[in-house]
Number of protein chains: 2
Amino acid sequence: MITRQLCHTLDVSDPLAPLRELFDLPEGIVYLDGNSLGALPRSTAARVAQVVQDQWGTGLIGSWNHAGWMDLPQRVGDKIARLVGAGPGELIAVDSTSVNLYKALHSAVRLARLQHLERDPQAGARRLVIVSEASNFPTDLYIAQSVARETGATVLALDADAIRPWLAAHALPRPGVPGRDLPPRATLDYDLAAVLLLTQVNYRSGRQHDMGALTAAAHAAGALTVWDLAHSAGAVPVDLKGADADLAVGCGYKYLNGGPGAPAFIWAHPRITATLHAQGLSQPLTGWIGHAAPFEFGPDYRPAAGIAGFQCGTPPVLALAALDCGVDTVLAAEEQGGMAALRAKSVELAELFISLLESRCAGAGLTVISPRDPGERGSQVSIACELDEGCAYPITQALIARGVVGDFRSPDVLRFGFTPLYTRFVDVYDAVEQLRQVLVSGEWREPRFAVRAQVT
Amino acid sequence: MITRQLCHTLDVSDPLAPLRELFDLPEGIVYLDGNSLGALPRSTAARVAQVVQDQWGTGLIGSWNHAGWMDLPQRVGDKIARLVGAGPGELIAVDSTSVNLYKALHSAVRLARLQHLERDPQAGARRLVIVSEASNFPTDLYIAQSVARETGATVLALDADAIRPWLAAHALPRPGVPGRDLPPRATLDYDLAAVLLLTQVNYRSGRQHDMGALTAAAHAAGALTVWDLAHSAGAVPVDLKGADADLAVGCGYKYLNGGPGAPAFIWAHPRITATLHAQGLSQPLTGWIGHAAPFEFGPDYRPAAGIAGFQCGTPPVLALAALDCGVDTVLAAEEQGGMAALRAKSVELAELFISLLESRCAGAGLTVISPRDPGERGSQVSIACELDEGCAYPITQALIARGVVGDFRSPDVLRFGFTPLYTRFVDVYDAVEQLRQVLVSGEWREPRFAVRAQVT
């Protein structure tokens, strides 16, 4: 029998508990929506104020040099790199996730085409496929559709479980290894895998893909991988280099606590940036800041080497300063074991949540749709409600009225994100108790909770 | 004889003078670089602090609805629209200038191709040209090069004076009007004009193009126009609808005072967004926020109608709040005559600057390279120095050491921007006097001014 007192005891003995003090959380709120918008770090207000007043107000244009504004995307990027298994100078904080997806995907399709042609000069006649997941976050699919149109590729959005079989069926023959023969030109299977585009942790279900295995399967098919880390950077241990991934993008305003609409990030394996450079290729958003020598004001674009060539416009300094503070809150856990320790607590929080849900809300019409194996789950638990059509929205609203902030996804999914930096075990207890009361009382059916004005 | 006392008198009688109080300018600095980075409005620090602390910290995810975060790009865009002759709902504050250029140019080339094909089914065999200015700001040319590669067009960067003749030579025959015949396929002139891409005010020389006349010439050649308003929004009166322009982009951190790396903006004439919509086309950066119904999370991209379809990623809230404050400083002039009054003062400031320069720095080796006709000039005066190769940098540094902040462009151009919101007539006097002393003393030749670390 799990009691609130027991949860309190868990918090008292939790070595990560002091990290909650890094955040400015409103009193009396249980915030389980850090996977939509991370909470405000205590350091952010002063840092942003300093950038505004001292660096901009007093330093004016000189701050581009004297306050290090120009290097901010790389400095913040190097910090994020430590959280996702990337090296210094490989990852940069720029633009939005969607814009970065366009750069990454566009580059990946072009490189994949070159690779296929190098292997087989006839490959040009075959259709290149961007493989993704049907339930991927929409922006990933939307950008894939656009890049496919621009590059002459096509998008194939598969069920999660169908991805590995598809890649296996499209594995390229390897010298000395028996493999499938090239199918006849008339068959559908004449397709070539160009890019595997996946969000590592699904925004809706919380299901986590095996980055290493899928990357290997993609590579065996001659495809490059583009990983969207929106729900994994700062949430689960990520090892981009260990998984041998090719490109990745991620979000600054979820688990990295960078603030609403914070700059996103993009990473490319050094072999990718080196190949682009060697081939004289650049990502398509060739703005001046990605130029090898932006202040020479030359007439022709010449991309900077490495990830710096994935920059485009002038860095958004205020937003980058806030993101820097957010990333620092995650790095602050390094002394207590870093991402591994955060992940361990995240799993404990989620397991506690599921246990409590099953014991205290049994028979209430809720079903956990996130994988039950923590190894296959991100840092969230999603629940389907079988009460009424579209009940997830009013239940979420009724919970918010009780001070428990979760999120929903139409029509019937409740989503609870666990941020071990500031989520306490008692928060989990209180969340389930409030959810129980919302369901038992039926208050969520009150008309006031039905009014819709939902965002992100 | 212009004295400092006379300049002071001009300030005292200047009805725009009180607007300087809207800014937080450092003591003892003459800031003539608002065309690189606008000064800090007094209202910004408190507004950003409120967004950080109250909206993000306390309101958390709910602020997307309750604090109106989602509408910020359009609300700020509607304000900017009032400064550039655009209607409400036509202009939106998003992404960077470079990213917006990509969206605008890409859309324009595709629409131009459709238009040409509609007129002449044989047009598909002809080369589409993006016409620009050789001395355009590099990011415009770089993005044009990328869009040309993606769309199969080509970029032609002409001298400013060669643009109108080129367009005239490529004017399409009109029914009933004698015009040139279609040239034979083998000639170079087989090109079709697709897009005229110009920065209205040149960043280096300050030369201002005639938007109306050039747009008409472009339209006569079957081309669409993309205007970069980086150095004109908030600096000179702009009338996009009056000029019948097609698309435009602009910068938030120069004359709009939005802060370092502020969000940029994009505008499209309603006929352009309507045509895109009717043709089922979308700009290429098809992120979820530009979707007609982003929160339905549907699998296929369907662009929002109007300029909203030019959004891509999640709006950068902190940066937009700062930009909002910056735009408000320009709108604050509306009671005193708005952009027309600001422009009149800008011209007076620049004319004063040139007069003083010619009288007090005669023989010092300086030549005004901006047009002498104020009607052909933006809100800056650029000067070539014929002293030493690369002298512009150390002269600028020596001036900064004396408290006069201008800018330089390699190798020999000094650039002084006039922001009538906060630049005083005495500032102009003092700037010329300090410049005179820097030149007379020869102090700019001291080694300490030669160390290079320049940005934007």
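This is a predicted model: local features need pLDDT of at least 70, side-chain atom pairs count only at pLDDT 80 or more; totals for chains, interfaces and linings use all residues.
Ile266(B) belongs to strand S8 of chain B, which covers residues 265-268. When neighbours within four places in sequence are left aside, the contacts of Ile266(B) are Ile92(B), Val94(B), Asn100(B), Lys103(B), Ala104(B), Val249(B), Ile307(B) and Phe310(B). Glu386(B), by contrast, is 120 residues from Ile266(B) in sequence, and the two C-alpha atoms are 39 Å apart in space.

Chain A contains 13 helices and 13 strands. The radius of gyration of chain A is 23 Å, close to the 23 Å given by the globule rule for 456 residues, so chain A is as compact as a globular protein of that length. Along the principal axes, the C-alpha atoms of chain A fill a box of roughly 65 × 60 × 40 Å, and 56% of the 456 residues count as buried. Among the contacts in chain A with a separation of 6 or more, 72% are between residues 24 or more positions apart.

Two domains are assigned in chain A, domain 1 being made up of 4-31 + 337-449 and domain 2 of 69-327. The centres of domain 1 of chain A and domain 2 of chain A, taken over C-alpha atoms, are separated by 32 Å, and the contact between these domains involves 17 residues from domain 1 and 13 residues from domain 2. On the side of domain 1 of chain A that touches domain 2 of chain A, helix H11 (338-360) and strand S10 (380-385) each supply at least two residues, and the largest share, four residues, comes from H11(A). By class, this side of domain 1 of chain A comprises six nonpolar, seven polar and four charged residues.

Between the chains, 70 residues of chain A are in contact with 71 residues of chain B. The elements of chain A that each supply at least two residues to the side touching chain B are helix H2 (44-58), helix H3 (63-66), helix H5 (97-119), helix H6 (138-151) and helix H10 (317-331), and H2(A) gives the most, with nine residues. The side of chain A that touches chain B has 42 nonpolar, 23 polar and five charged residues. Chain A is superposed on chain B by a rotation of 180° with 0.0 Å of shift along the axis, at an RMSD of 0.0 Å, and the two copies are thus related as by a two-fold rotation axis. Of the residues of chain A, Ala319(A) comes closest to this axis, with its C-alpha atom at 3.1 Å. Because 100% of the interface residues of chain A are also interface residues in chain B, the copies meet through the same surface.

Strand S13 of chain A, residues 413-417, has four of its five residues buried, so this strand is largely enclosed by the rest of the structure. S13(A) is joined to S10(A) by five bridges in an antiparallel arrangement, and within this pairing Phe416(A) is the bridge partner of Val381(A). Three bridges join S13(A) to strand S12 (residues 407-409) of chain A, again running antiparallel, with Leu414(A) as the bridge partner of Phe408(A). S12(A) and S13(A) form a hairpin that has three residues between the strands. Pro411(A) lies in the loop between S12 and S13 of chain A, and the peptide bond joining Ser410(A) and Pro411(A) is cis, with omega about -10°. In chain B, a cis peptide bond with omega of about -10° joins Ser410(B) and Pro411(B), and Pro411(B) lies in the loop between strand S12 (407-409) and strand S13 (413-417).

Most residues other than glycine have a negative phi, and most peptide bonds are trans. Asp95(A), which is not a glycine, has a positive phi near 50° and is found in the loop between strand S2 (91-93) and H5 of chain A. Asp95(A) is buried, with 33 other C-beta atoms within 10 Å. Asp244(A) likewise is not a glycine and has a positive phi of about 60°, and it is located in the loop between strand S6 (224-228) and strand S7 (247-250) of chain A. Asp244(A) counts as partly exposed, with 16 C-beta neighbours inside 10 Å.

Definitions and conventions: Residues are numbered from 1 along each chain as its sequence is written. Chains are lettered from A and ligands numbered from 1 in the order in which they are written. The radius of gyration is taken over C-alpha atoms; the globule rule is 2.2 Å times the number of residues to the power 0.38. A residue is buried if 20 or more other C-beta atoms lie within 10 Å of its own, exposed if 12 or fewer, and partly exposed in between; C-beta atoms are placed from the backbone. Two residues are in contact if their C-beta atoms, placed from the backbone, lie within 7 Å. Domain bounds come from an automatic or database domain assignment. Ala, Val, Leu, Ile, Met, Phe, Trp, Tyr, Cys and Pro count as nonpolar, Asp, Glu, Lys and Arg as charged, and the others, Gly among them, as polar. Copies are superposed by least squares on the C-alpha atoms of residues with pLDDT of at least 70 in both. Two strands pair if DSSP finds at least two bridges between them.
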